[in-house]
Amino acid sequence: MTIKFRIFASGSNGNSGILSTPDGALLIEAGISRKRLFHLMKDSGISPADLQGILISHYHTDHCRDLPIINEQLNVPIISSKGTREGFHKYQSYDSRWVSVINNTRTLPPRTPLEFGTFRIQSLPTVHDALGATAFYIKYRDIGFTLITDTGQILPHHLDAINNSMFSLLEMNHDIPALYRSQRSRSLKRRIRKTHLDNGQTTSILSQIDQDNKVLLFGHLSGECNSPLHVKRELLEWGEEQEEFPWDCFICRRDSPGPLLMLSGNDMLHTSEQSLSLKSLKENRRILQPKKDLLSYFP
Ligand SMILES: [Zn+2]
Ligand SMILES: [Zn+2]
């Protein structure tokens, strides 16, 4: 049995990722072009015919821009909150294909899991400026996946989900000094602070994440007010105060897809030069030594 998980794009210019299992695949967010999506699926060895459903966290266009065309081509159920489905209505006047998106959308009640084929999907409401915005906890067999972006706060149900997941995507949207130095208006800066997590907020919850074998991905980085280097620095600072750095971590870049993470039996592999076994990770938690060692964890 091989499970694949990959973030194709993460950030205000487009979000999308996929979870592929022997029982089918789920697309999570449709904020990139159909052409790019199909190319990245092919690159990951996943066929469009495997898709069982499309999860949309909220109606901002960076999460659903190409949903009408993807829906037209794949015609699989779309799963979102009631508020997100209502939000789709405002796009109908620009593109009539949104009518079919709306008709095809199954709504997810807040906090009650939806049994969807062999997946269990749970909505995790977020603090964001879109009605019904949510994060997701997905369970496939005994493996949990959590995707949390576009939230001004990490809430207790987010932490519970992360602690029950092997793979989690967490938002690190902006670096506060970089945001305040930027040319953005005061009102926009205020809005960003309320609706997206800064690097420090996300780092501050790391000590509450248990140290079972986990993969943490950091994403939805702002192009103007953040960079992979800012994120690395924040994690290094946090790591220096710890005895060990217990997880495998990746930073999702805005301009290129993340690693293809594959779980096969007890082994976790990813498509970069590193290949890690979960067992060896458990036995040899990586001891934080010189900074450059930690830096090498981020391909
Ligand atoms: Zn977003
Ligand atoms: Zn948003």
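## Basis of the description

Residues are numbered from 1 along each chain as its sequence is written, while chains are lettered from A and ligands numbered from 1 in the order in which they are written. Because the model is predicted, local features need pLDDT of at least 70 and side-chain atom pairs count only at pLDDT 80 or more, whereas totals for chains, interfaces and linings use all residues.

## The open sheet

Helices (H or I, at least four residues) and strands (E, at least two) are DSSP runs numbered from the N terminus, and two strands pair if DSSP finds at least two bridges between them. On these terms, 7 strands form an open sheet of mixed pairing in the order 7-8-9-10-11-12-13. Strand 7 (114-116) and strand 13 (248-251) stand at the edges with a single partner strand each, so one side of each has no neighbour in the sheet. From one strand to the next the twist averages 20°, with axes being lines fitted to C-alpha atoms, for helices over the stretch in contact, and angles running from 0 to 180 degrees between N-to-C directions.

Strand 7 runs antiparallel to strand 8 (residues 119-125), the two being joined by 3 bridges, and Glu-115 has Arg-120 in strand 8 as its bridge partner.

## Strand 10 and its partners

A residue is buried if 20 or more other C-beta atoms, placed from the backbone, lie within 10 Å of its own, exposed if 12 or fewer do, and partly exposed in between. Strand 10 is largely enclosed by the rest of the structure, because 5 of its 6 residues are buried. Strand 9 (residues 134-140) is joined to strand 10 by 5 bridges in an antiparallel arrangement, and in their hairpin, which has 2 residues between the strands, Arg-141 takes a positive phi near 50°.

Strand 10 pairs with strand 11 (residues 167-171) in the parallel sense over 4 bridges, with Leu-147 and Leu-169 as bridge partners.

The buried residues of helix 3 are Leu-67, Pro-68, Ile-70, Asn-71 and Leu-74. These residues fall within an arc of 165° seen down the helix axis, so they line one face of helix 3; the arc is that of the directions from the helix axis to the C-beta atoms.

Most residues other than glycine have a negative phi. Just after helix 3, however, Asn-75 takes a positive phi of about 45°, and Asn-75 is exposed, with 10 other C-beta atoms within 10 Å. Asp-150, in the loop between strand 10 (143-148) and helix 6 (156-163), has a positive phi near 55°, but Asp-150 counts as buried, with 25 C-beta neighbours inside 10 Å.
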